[in-house]
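Open your viewer and get the selection tool ready. We will take this chain one stop at a time.

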Amino acid sequence: MKKFAVPIILTVIFGWLALWFTQTYQWFPMQASAEAVPVDGMILLSFEILAVVAALVMVFFVYALVVFRRRPGDTADGPHFHSHNGLEIAWTIVPLIIVMGMWWHGVQVADSMGLLRELPSDAQALQINVTGQQWAWSFEYPKQAGVPESFSSDRLVLPVDRTAVFSISSPDVMHSFWIPEMRMKMDAIPGRVNKMRLTPNKAGEYKVRCAELCGTDHAYMESPVQVLAAEGFTKFVADNDISKLSPEERGEKWAKTYGCVGCHSIDGKKMAGPTWKDLYGHEVELDGGTKVKADEAYLKTSILDPNSQIVLGFKPNVMPKTFQDRFTKDNAGKSFDEVDDLIAFIKSAKVDTQP
Ligand code: CUA
């Protein structure tokens with residue numbers, strides 16, 4: 001036993017140093033949700049165990065290299081020795097117990113967050129439907145306590161200290177919903193709805209990122225997140241009460257929600273699609289030379305059946321052909337028509353250019 005004294009003492013010293021470093025170093029970004037605490041705890045625990053194991057292995061490894069190195073002139077084989085059953089059983093059983101303990105701890109944490117089975121529904125929880133699509137996030141707040149009418153938003157606004165339950169899906173390819181400061185991450189998968197719960201506990205500004213490679217603009221697929229005090233959230237809901245908005249104001253909202261403004265400018269700038277500035281009531285030259293007047297019927301057809309009339313200088317098949325379906329679905333049970341709202345907004349796009 002005496003010959004092990006030196007490596008054991010060295011292991012204790014280096015193990016203690018590694019543990020001290022692990023606990024002192026700032027590994028994690030700020031913790032902005034209740035879930036961040038157990039998640040960080042789990043990671044830190046495995047770092048601590050790894051630090052001690054690494055010290056044990058490295059000390060014995062380096063010690064053996066130095067102390068049992070071949071001396072000059074030594075050509076003999078090393079002495080033959082038998083394995084030690086007790087030692088072998090110990091170094092099999094002890095790591096097994098440690099790993100099983102870490103696994104069980106992980107199971108408990110995952111279960112407490114509703115990742116393994118659905119948790120009993122929490123009446124206080126805020127329900128939010130998240131859609132990840134190439135390449136933007138959108139957030140729908142369905143009708144529920146505190147939200148008198150469902151609405152969508154291109155930024156995620158959450159009340160502080162209130163659990164939010166996200167129902168996450170995608171209409172195209174896989175994305176992954178991730179707010180690093182809140183730790184939790186969940187895939188958005190076409191054809192299914194994944195649930196994730198979070199309790200933000202620090203007011204502030206964050207970002208949702210996409211953590212799944214999803215095409216050209218994956219790196220830019222991010223949306224602002226605001227965690228507000230309860231009053232701020234109530235105001236956000238009131239600001240989004242669409243029943244109070246005029247058709248033009250609603251149209252402006254849809255133009256953002258549906259991504260129209262990604263391709264159509266309202267200031268005359270040429271983008272992937274024709275500008276809306278001064279469009280209404282003016283003559284438009286179509287591909288092929290026909291001239292038509294941009295009236296309501298023209299705008300409606302252009303939105304619902306974009307390939308039927310291509311403006312000179314633009315290409316067919318650029319604008320999605322899915323709006324007919326989406327508007328039909330989104331208009332169901334509402335007192336207004338989103339297409340009419342959009343047309344109202346397009347009409348207004350000339351107002352501010354005139355004195
Ligand atoms: Cu969406 Cu990456």
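What follows is a walk from the domains to a sheet, then to a strand residue and a pair of helices.

**Before you start.** This is a predicted model, in which local features need pLDDT of at least 70 and side-chain atom pairs count only at pLDDT 80 or more, while totals for chains, interfaces and linings use all residues. Residues are numbered from 1 along each chain as its sequence is written, and side-chain values use heavy atoms, with hydrogens and water left out.

**Stop 1: the domains.** Colour the chain by its domain assignment (bounds from an automatic or database assignment): domain 1 is 2–68 + 82–112, domain 2 is 126–240 and domain 3 is 246–348. Taken over C-alpha atoms, the centres of domain 1 and domain 3 are separated by 61 Å.

**Stop 2: the sheet.** Now select the open sheet of five strands, with order E4-E10-E9-E6-E7 and mixed pairing. Strands (E, at least two residues) and helices (H or I, at least four) are DSSP runs numbered from the N terminus, and two strands pair if DSSP finds at least two bridges between them. At the edges, pairing on one side only, are E4 (156–159) and E7 (185–188). On average, neighbouring strands are turned by 25° against each other, direction ignored.

Next, show helix H4 (residues 230–239), which packs on the sheet, touches E4 and E10, and has a direction at about 140° to that of E4. Angles here run from 0 to 180 degrees between N-to-C directions, with axes fitted to C-alpha atoms, for helices over the stretch in contact.

Step through the pairs:

- E9 (residues 204–210) and E10 (residues 223–228) run antiparallel and are joined by five bridges; Val208 has Ser223 as its partner in E10, and Tyr206 has Val225.
- E6 and E9 are also paired in the antiparallel sense, over two bridges, with Arg209 of E9 as the partner of Trp178.
- E6 (residues 175–178) and E7 run antiparallel with four bridges, and His175 is partnered by Ala188 in E7.

Which residue takes a positive phi in the hairpin of E6 and E7? Select Arg183: its phi is near 70°, in a hairpin with six residues between the strands.

**Stop 3: Val284.** Move to strand E11 (residues 283–285), where Val284 is found. Is Val284 buried or exposed? Val284 is buried (under 20% relative accessible area; exposed is over 50%, partly exposed in between, with a 1.4 Å probe and protein chains only), at 8%. Beyond four places in sequence, its contacts (heavy atoms within 4.5 Å) are Leu279, Thr290, Lys291, Val292, Ala294, Tyr298 and Val311.

**Stop 4: H7 and H8.** Finally, select helix H7 (residues 323–331) and helix H8 (residues 338–348), whose axes come within 9 Å and cross at roughly 110°. That makes H7 roughly perpendicular to H8, a label for angles of 65 to 115 degrees. Phe327, Asp330 and Asn331 of H7 make the contact with Glu338, Val339 and Leu342 of H8.

Keep H8 selected: nine of its 11 residues are buried, including Ile343, Phe345 and Ile346. Their cover includes helix H5 (247–257), helix H6 (296–304) and H7.

Note on methods: Parallel < 35°, antiparallel > 145°, perpendicular 65-115°, else oblique.
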